[in-house]
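Reader: I have just opened this one and would like a short walk through it. Can we start with the helices?

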Amino acid sequence: MELSVLRAYLPAYLQAAEATLAIAGLGLVGSTLLGLVIAVAQYFRWPGARPVTAVYVELSRNTPLVVQLFFLYYGLPKLGLVWGSGVCAVVGLTFLGGSYMAEACRSGLEAVEPHQSQSALALGLGPGPALRHVVLPQALALATPAFTANAIFLIKETSVVSIIAYPDLVYVAKDYIGNDYNTSEALALLVAFYLVILLPVSLGAAAWERRLRHAGFGD
Amino acid sequence: MSTIGLATRPRRAAASTLGLVLAAACLIGLAGCAADSDSGPDTSAAGSSPASATTGSSANFRDVAQIQADGTIRIGVFSDKAPFGSVDAQGDYVGYDIEYGNRIGQDLGVEVEYVPVEAASRVSFLETGKVDLILANFTVTAERAEKVDFLKPYMKVALGVASPESAPITDVAQLAGQKIIVVKGTTAETYLASQYPDYDVIKYDQYTEATSALLDGRGDAWVTDNTEALAWTTQNPGFVTGIASLGPADTIAGAVQKGNTDLAAWLNNELVDLGKEDFFHQDYELTLKSVYGDVVSPDELVVEGGQV
């Protein structure tokens, strides 16, 4: 392992890490919002919500991200819709993550005792405020472990986006392996960068879960 | 809650600390391991002893006697680069490189097991001993020659630029500011990176992905071997090879793992013998003629007996 090679590669890896974080962040926000909407729609039994979301959840969870990205990037242009690789990556991550986030939120919502929302309604809160002030805070706290596990899963899933030519960490590593044949340096940096991104997320998530547990009652 | 909480919290903290320490240890181990192996290739690149060519992952090639004893030679080829190496509707490998590979298997008296490779993985497949020989339209370059042992060439090639007929690229200067498609690990990528570092290049892993991207209008031009550009634009109406010869003229040759002199010597002798019967001209007639038609004459591409 040549230290000078590692140093020379560092700027490109930093730039690629930014690109990885950008789609991971946007994908995470997108899938959280999508998941929340789906869970709430199911919770309130909006008409038609169950069958539609059930189809989406099964489709999203039972197809690999690579296949979803291939469809978005190489398939949609055949239908006249040409999205750039960054857009495809975020849409793909949102499509994949949305179902996992929905399941996390749903389990959180279902874990909140029904008498909580019934009591809130009986005290004169409307359905909206009851959800916002009473049910959701408890549900989201309960869903946190599942949420953080999904977040780490989604960040790791970004590692396949180089197949649609998105310049993430793997794309840059493949560049250096293919052009300079410095395989060990390129792979060592790849591992190091993913650890630097994911270890703080894992440790932060663990700390956050410990804090949130204080909000629980009765256990 | 409080007793359970108090009992579990320190344990969880200890567990995550342990995880952190283990992860750090792995990283250091990885770095150390890679550092060891890298002092190997640098010194042995001078070519002292093949057995120590690379530590750990290497000295894993098979010589001619071992290949014949095992009864199978593993050859890395393209599976998506017609007419050189591709898979037909029956699932069989076909193409110019495959004809050559079949003949090698026949003359060695062994079965041929074809292994599909990507452009960027050709060197690693040899280095890790996954294949004995690469016959995947492999252009000879100085950088690659440091990592693998090339045989005598069997084709010659330059770069070509394919672009839509409606907006043809006929001069390399026109590529400035355009989106240029290349396949990772090809000479086109290296050439553009060294000569035109400011050009906007989009890189794909597979040839099919690159051509899909060109068809979908994701780029303004595709830079690749001129053989490939000519073959593809002949088959795809609406696209032209506006530049048929760009960059230095290169040769294409098979390659074996660094230090496998026994297999290399056998294959080079074989190549000279094949030249005596004009094998590659027959190969051209069989696999390339239908693609190139009158656009190219065989002598512009084919090299017999390693004589460029």
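Reader: Which residues in α5(A) meet which in α6(A)?

Author: A:Gln116, A:Ser117, A:Ala120 and A:Leu121 in α5(A) meet A:Pro127, A:Ala130, A:Val134, A:Val135 and A:Gln138 in α6(A). Contact means heavy atoms within 4.5 Å. The residues of this contact divide into 6 nonpolar, 3 polar and no charged. This is a predicted model, where local features need pLDDT of at least 70, side-chain atom pairs count only at pLDDT 80 or more, and totals for chains, interfaces and linings use all residues. Residues are numbered from 1 along each chain as written, chains are lettered from A and ligands numbered from 1 in the order written, and side-chain values use heavy atoms, with hydrogens and water left out.

Reader: New topic. Is A:Thr158 buried or exposed?

Author: A:Thr158 counts as buried because its relative accessibility is 0%; buried means under 20% relative accessible area, with a 1.4 Å probe and protein chains only.

Reader: Where is A:Thr158 placed?

Author: A:Thr158 is in the loop between α6 and α7 (169-180) of chain A. Helices here are DSSP runs (H or I, at least four residues), numbered from the N terminus.

Reader: What does the side chain of A:Thr158 reach?

Author: That side chain reaches the backbone oxygen of A:Ile155 at 2.5 Å.

Reader: And which residues is A:Thr158 in contact with, leaving aside neighbours within four places in sequence?

Author: Among them are A:Thr20, A:Ile23, A:Leu93 and A:Tyr194.

Key
Helix = DSSP H or I, 4+ residues; strand = E, 2+ residues; numbered from the N terminus. Nonpolar A, V, L, I, M, F, W, Y, C, P; charged D, E, K, R; others polar. Buried < 20%, exposed > 50% of the residue type's maximum accessible area, 1.4 Å probe, protein only. Polar contact = N/O pair within 3.5 Å; in protein donor to acceptor, adjacent residues only side chain to side chain.
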